[in-house]
Amino acid sequence: LPALANLGAAPSSPSGRPKATSSPPLAGWRLEEKMLGVLAKCLPALANLQAIRLWKVGLTDLTLLSLISILPTCPNLKVLSLEGNPLPERSFYKLIGEECVLAHVSLRNNDIDDEAAALIGQALSSLRSSNKTLVSINLSYNHITDVGAASLANGLRLNRSLLSLSLSHNRIGDEGAMKLAEILAPFPLTHTEVVERRRLLLEKECQERCRMPPRHSDAKPDRPSSHLSSTMLEKLQPAKAGKVTAKKKDPAKKEEKGAGEGG
C-alpha cells in the first residue's frame with residue numbers, strides 16, 4: 001500500500017509546476033484480485049497519472065482482465081509496463097485491441113512465444129479492425145522466432161499508428177527479419193485487402209450519411225395539387241373563354257347550314 005500512495009505523487013519542477021506523474025515500479029509482491037479492487041478506486045482519482053509499471057507482480061490471465069477494465073477510467077494514462085509477468089493463456093493481446101487507450105506498452109521478459117506473437121499481430125491490425133492509439137510496444141527478451149516475426153509483420157500491414165517495435169533478444173533469424181523489412185518499405189495490398197478496404201469505406205460513408213440531419217432545402221413543400229397560382233389562373237382563363245366561345249359558335253353554324261340547305 002505505501003507504493004500505491006506514491007502513484008499520485010507529482011514532483012514539482014523549478015518553476016513550481018507539477019511534472020507529469022510517473023508511477024514508481026511496483027515490484028516483488030503479488031497483485032491479487034483484492035489489491036486490484038483497491039487500484040480500481042484509487043487510480044481514477046489520480047488526474048496526473050500517466051504511467052503504471054508492474055514488474056514481477058504475479059499477474060495472471062484473470063487479474064489482467066481486471067486491470068484492463070480499470071485502464072479506461074484513467075483519462076491521462078498512456079504508459080503500461082508489465083515486465084516479468086508470463087501468462088499461461090497468452091492474454092497480452094487483449095491490452096492492444098481496438099478499444100485500447102494506451103500509447104506505450106512494455107511486455108519484456110514475459111515468455112511470449114510465436115502463438116502469443118500471432119495474437120498480438122492480429123490485435124495490431126486485421127481486415128476488420130486496427131489499433132489506432134498504440135505508438136510503441138516492447139517485446140524484447142522473449143521467445144519469438146521467425147514464425148512469430150512473420151505474424152507481427154502481417155499485423156503491421158494495415159496498422160497506421162505504431163512507430164516503434166522492439167524485438168531485441170528474441171530468436172528471430174534472417175527470414176523473420178526479411179518479413180519485417182518488407183513491411184517497412186512500400187508494399188502493394190492483396191486483392192482481399194483491397195476489397196475489404198473498399199467495403200469498410202462504404203460502410204463508413206453509409207454510417208456518416210445516416211448520422212447527418214435531413215436537409216430542409218431537399219424537402220418538397222406540401223401543397224395540394226389543385227392549388228394554382230394567380231398567374232397560372234390568368235393564363236388559363238382566356239383559354240377557357242376561347243373554348244367556350246368556340247363551342248357556342250358551333251350551333252349557329254349548324255343552323256346556317258340547315259337554312260341554306262332548306263333554301
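These legends describe a predicted model, first as a whole and then in two close-up views. Residues are numbered from 1 along each chain as its sequence is written, and side-chain values use heavy atoms, leaving out hydrogens and water. In this predicted model, local features need pLDDT of at least 70 and side-chain atom pairs count only at pLDDT 80 or more, while totals for chains, interfaces and linings use all residues.

View 1. Helices (H or I, at least four residues) and strands (E, at least two) are DSSP runs, numbered from the N terminus. Along the sequence, their order is α-β-α-β-α-β-β-α-β-α-β-α-α-α. Of the 263 residues, 31% count as buried, meaning under 20% relative accessible area with a 1.4 Å probe, protein chains only; exposed means over 50%, and partly exposed lies in between.

**View 2. Helix α6 (residues 174-184) has Gly176, Leu180 and Ile183 as its buried residues.** Because these cover an arc of only 50° around the axis, they lie on the same side of α6; the arc is that of the directions from the helix axis to the C-beta atoms. The face turned away from the buried side carries exposed Asp174, Glu175 and Met178. The cover over the buried residues of α6 includes α5 (146-155).

**View 3. Serine 125 sits in the loop between α4 (114-124) and β5 (136-138).** Serine 125 counts as buried because its relative accessibility is 5%. Its side chain reaches the backbone nitrogen of leucine 158 at 3.5 Å. Leaving aside neighbours within four places in sequence, the contacts of serine 125 (heavy atoms within 4.5 Å) include Ser130, Asn154 and Arg157.

Definitions and conventions:
A polar contact is a pair of N or O atoms within 3.5 Å; within protein, one must be able to donate a hydrogen and the other to accept it, and residues adjacent in sequence count only if both atoms are side-chain atoms.
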